[in-house]
Amino acid sequence: MRKTEPRLQRKLLAWLLGPLLVLLVLDTAAAYWVSQRFANLAYDRALHEIAREIVLHVHQQDGQPRLQLSDAAADILLMDAQDRLFYRVDAADGTLLGGDATIRKAASPGTDPRFYEDEFHGEPVRMIAARMPIGETAGGPLVTVQVAETLNKRSRLAFEMVANVVLPQLLLIVMATLVVWFGVSRGLEPLQRLRRAVAGRSHLDLSPIDTHDVPGEVRPLVDEVNELMARLGKTFDFQNRFVADAAHQLKTPVSGLKAQIELALRENDPERVRHSLAQLYISADRLSRLVRQLLSLARNEPGALDTVQLQPLDLHAFALEVSMDWVPHAIKRNIDLGFEGVEHPLTIAADQDRLRELINNLIDNAIRYSQEGGRVTVRTSREADGQCKLAISDDGRSIPVEERARIFERFHRLLGTQEDGSGLGLAIVSEIATLHGARISLEEDIDGVGNTFSVFFQPSEDERATVSGLKAAV
Ligand SMILES: Nc1ncnc2c1ncn2[C@@H]1O[C@H](COP(=O)(O)OP(=O)(O)OP(=O)(O)O)[C@@H](O)[C@H]1O
Ligand SMILES: [Mg+2]
């Protein structure tokens, strides 16, 4: 399973620590630069002193400056525990008066001492170069003194200063990391608990997730999941009930079939066997109708909206075509099946197969539940508000007002109904109407007897435009 918490935790840490580390690097660079400046300030002064000291050993002899510094005196002067020092002294005309000739000559030194970085025998050195008067008198002849010093103590001082600045900061960052890690872990603990609670659930448990200690940011997500689970719960209930109902409905006819077959098997008289087979055929036919109705019910559930293919269709012509198929059946029952409708097309958006099923179920009921010699009328018309109406009327027994809503429920039949049927036809009609966004109403027929089932469809977009055009013209 993919864990979300460590990823979030790592992300937060990366966002907090990344910039902190960049700051630390910048800070170290700045500290190093400043430290070097201070180290130079401190040690350059000493270098200047040595240069002055060396000049004190330059004297005038025969009008020429001479450096009188013994090696031993020079060693003492240039002695240092950590660095090596070198010097050279040049007369104003450029002649070397003493010291190390391999020191690179400074370019045009001034009377103010100049400090700079240079190289001596491949090693970096700090150099002072200055022109100074000999004999400690300001007006004396000038000589150029250069003193070079290796960088050991300067580097060490700079390093120590940087370490003193950076180490506490590094420590601070490590502590900040620990605090942030701990804080984020604690902050995300409710999410972990939530994950454990969901992971530990049975697949049948659709009760809502407890939201009382869920963090505010995650609450809307959990609420949505709870709502989804509630919807899933309803769908499961619905399907479980449907399967139970279907099994119950199938059990009786299948037992009936078995009993009839057993009876037929015991018969010896070919004529009676034939009669039993004819009965069996009727029963099997009923069973197959029940199975068809069940399949249709499942096919037209509200969730089936994706499979509906709505296309422009002329309700008037289509209802007439479907009604014509029922004429032979109506004649057989001696029922006067009529059709009344407007001549011009009533265009609606409909799924043709499903609409046929809707009309078939309503006409089937009207013929089935009317007395022989009765009258069934299919009508199409346009309402004042532009809706297209399909009405199927009969003159049979009126359905009591208190039953009018219930007969659309699955498996519900009126008490005392003798005719075959399983109580699914109107449930299918209702589902198909819903898939079409249509509304159904049930009233007595115009003359106050029988029943009229009316279905109101919204006109299709094109039709709406035509109707409003017509109205404007009127
Ligand atoms: N036109 C009608 N006139 C009188 N009663 C009707 C009419 N239409 C439906 N009913 C009553 O409503 C009940 C439900 O009808 P529905 O079409 O849902 O199921 P069914 O006709 O019993 O079975 P089937 O699933 O085969 O259609 C019927 O059993 C009948 O009692
Ligand atoms: Mg029916």
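Start by selecting Arg-289 together with ligand 1: a polar atom of the Arg-289 side chain sits 2.5 Å from an oxygen atom of the ligand. Keep in mind as you go that this is a predicted model.

Then turn to Asp-394, which has a side-chain N or O atom 2.9 Å from a nitrogen atom of ligand 1. Now show the surface of the ligand: of the 590 Å² of accessible area that ligand 1 has on its own, the protein covers 98%.

Select helix α8 (residues 352-368) and helix α9 (residues 425-435), which pack at an angle of about 145° with axes 9 Å apart. The crossing of α8 past α9 is left-handed. Asn-365 of α8 and Leu-426 of α9 are among the residues that make this contact, as are Leu-358 and Leu-362 of α8 and Ile-428 and Val-429 of α9. Color the contact residues by type and you will find nine nonpolar, three polar and two charged.

Notes: Residues numbered from 1 in each chain as written. Chains lettered and ligands numbered in written order. Predicted model: local features only at pLDDT ≥ 70, side-chain atom pairs only at ≥ 80, totals over all residues. Heavy atoms only, no water. Axes fitted to C-alpha atoms, helices over the stretch in contact; angles between N-to-C directions. Helix = DSSP H or I, 4+ residues; strand = E, 2+ residues; numbered from the N terminus. Left-handed = near helix turned anticlockwise from the far one by under 90°. Contact = heavy atoms within 4.5 Å. Nonpolar A, V, L, I, M, F, W, Y, C, P; charged D, E, K, R; others polar. Polar contact = N/O pair within 3.5 Å; in protein donor to acceptor, adjacent residues only side chain to side chain. Areas by Shrake-Rupley, 256 points an atom, 1.4 Å probe, with all protein chains shown as cover.
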